[in-house]
Amino acid sequence: MDKTSVHNKEWEPKIIAFLCNWCSYAGADLAGVSRFQYPPNIRIIRVPCSGRVSPNILLDALKSGADGVLVSGCHPGDCHYISGNLFARRRFALFKRFIEFLGIEPGRLNFSWISAAEGEQFAKVVTEVTERVRALGPARRLVKEI
Ligand code: FES
């Protein structure tokens, strides 16, 4: 059986989560403190604002072996830099269409709003994203085989 097969028990999705420092990262922290259960498949990168996450960074994550990415920021109206999250949403929507054009499943890219008070919501989003990416299987289109 292929080592990367979806049916192989060894394979677990790797998801890189870019979380805004002011809201979603604090939401992740609250989820941990509150002991809400969520899959251990995400690796969190704290960013100053979701508007700071460029498509290049997301592409790099997928090229480096991530099976999916999650970008999460403050709710509309709550961004500490006024409208970074709105720029992020627009950029992300366009990037998702572009990535689909490249033949990458759009389900590998995920975007959400999670506030510092939404620990339970954080756990729910991570669970949903993990299951979505798991159903897609390993991402291989952008990874160079050696
Ligand atoms: S500061 Fe949180 S999304 Fe901008």
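Colleague: How many disulfides does the structure hold?

Modeller: It holds 0 disulfides, counting a disulfide as a pair of cysteine sulfur atoms within 2.5 Å. This is a predicted model, so local features need pLDDT of at least 70 and side-chain atom pairs count only at pLDDT 80 or more, while totals for chains, interfaces and linings use all residues. Residues are numbered from 1 along each chain as its sequence is written, and side-chain values use heavy atoms, with hydrogens and water left out.

Colleague: C23 and C49, then: buried or exposed?

Modeller: C23 is buried, at 7% relative accessible area. C49 is buried too, at 8%. Buried means under 20% relative accessible area, exposed over 50%, and partly exposed in between, with a 1.4 Å probe and protein chains only.

Colleague: What about the largest nonpolar core? Which residues have the most contacts inside it?

Modeller: F18, L58, V69, I99 and L109, in a core of 16 residues. A nonpolar core here is a set of buried Ala, Val, Leu, Ile, Met, Phe, Trp, Tyr and Cys residues joined through side-chain atoms within 4.5 Å.

Colleague: Which elements give two or more residues to this core?

Modeller: β1 (15–20), α2 (55–63), β3 (68–73) and α3 (84–101). α2 gives the most, with 4 residues. Helices (H or I, at least four residues) and strands (E, at least two) are DSSP runs, numbered from the N terminus.

Colleague: And what is I99 in contact with?

Modeller: L59, L62, I104 and L109, leaving aside neighbours within four places in sequence. Contact means heavy atoms within 4.5 Å. Apart from that core lies another, of 13 residues, including A28, L70, F122 and V126.

Colleague: Switching to helices. At what angle do α2 and α3 pack?

Modeller: About 40°, with their axes 11 Å apart. That makes α2 oblique to α3. Angles under 35 degrees count as roughly parallel, over 145 as roughly antiparallel, 65 to 115 as roughly perpendicular and the rest as oblique. The axes are lines fitted to C-alpha atoms, for helices over the stretch in contact, and angles run from 0 to 180 degrees between N-to-C directions.

Colleague: Which residues make the contact?

Modeller: P55, L58, L59 and L62 from α2, and R91, F92, F95 and I99 from α3.

Colleague: Now T130. Where is it?

Modeller: T130 sits in helix α4 (residues 119–136). T130 is buried, with a relative accessible area of 0%. Not counting residues up to four places away in sequence, T130 touches P13, I15, P39 and N41.

Colleague: And N110: buried or exposed?

Modeller: N110 counts as buried, at 4% relative accessibility. N110 is in strand β4 (residues 109–113). Beyond four places in sequence, N110 touches V69, L70, V71, F92, V129, R132 and V133.

Colleague: How far apart are N110 and P76?

Modeller: 34 residues in sequence and 17 Å in space, C-alpha to C-alpha.

Colleague: Last topic, backbone angles. What is phi of R35?

Modeller: Near 60°, a positive value in a residue other than glycine. Most residues other than glycine have a negative phi. R35 is in the loop between α1 (24–33) and β2 (42–47). R35 counts as exposed, at 71% relative accessibility.

Colleague: And where does I82 lie?

Modeller: In the loop between β3 and α3. I82 has a positive phi of about 70° although it is not a glycine. I82 counts as exposed, at 69% relative accessibility.
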